[in-house]
Amino acid sequence: MRPIRSEPRQVGTQSIRREGDLTFVELTWKEGQIEQWVRFGHPVGEERIDHYRRRFGFAPGAVFGVNRWAANAYGTVLSRFDILQAAKPGTPLQTLPYLRPGGTLLLSTHGWPKVERVLQAIDAIEALGIDPADASPDYWRHLHNRLATAQPAHPYTRLQHRAWRKRRSLEP
């Protein structure tokens, strides 16, 4: 377990100056009742809050996926999947109950059939040898919109990924 530190450090090409630059995700795990986890992404820190809760810190601009599931005595009552981009200082953001201060919501879906389609898309991206955290945010928005309209999504391709990486390298 890596504690969330507040001293300056380098993450990729970004310098994280203080804990205030990070986006925090607080997740709960009570086996068979509430199970929340980071499906993909690269937290720069992690800390245990108590026996059931952990907090993960993500660098500005980092993309990550969070799976949330809950059940009661009668079965599943919640099945959700969110893909978010950690907030960059000075940019608009959306808030969620488990996210501080907030971020950009790239994909949000609920219900097992839709969550399963998201997990299949993530698996397909990984099968290409691509880290889902490095996939184009535009693809996650595309997948979100297709799920919302019950339409088949286009698969993510190496060509699309290469184009995204080139476009990203041109950003200041």
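Is Glu126 buried, partly exposed or exposed, and at what relative accessibility? Glu126 counts as partly exposed because its relative accessibility is 35%, where buried means under 20% relative accessible area, exposed over 50% and partly exposed in between (1.4 Å probe, protein chains only). The model is predicted, so that local features need pLDDT of at least 70 and side-chain atom pairs count only at pLDDT 80 or more, whereas totals for chains, interfaces and linings use all residues. Residues are numbered from 1 along each chain as its sequence is written, and side-chain values use heavy atoms, with hydrogens and water left out.

A salt bridge is taken as a side-chain nitrogen of Lys or Arg within 4 Å of a carboxyl oxygen of Asp or Glu, and by this rule the count comes to 10. One of them joins the side chains of Arg39 and Glu126 at 3.2 Å, N to O; this pair links distant parts of the chain, with Arg39 in strand β4 and Glu126 in helix α1 (residues 112–127), 87 residues apart. Helices (H or I, at least four residues) and strands (E, at least two) are DSSP runs, numbered from the N terminus. Arg39 is itself partly exposed, at 23% relative accessibility.

A further salt bridge is formed by Arg68 and Asp82, at 3.4 Å, N to O. Arg68 lies in strand β7 (residues 63–72) and Asp82 in strand β8 (residues 75–86), so the pair ties together parts that are 14 residues apart in sequence. Both Arg68 and Asp82 are buried.
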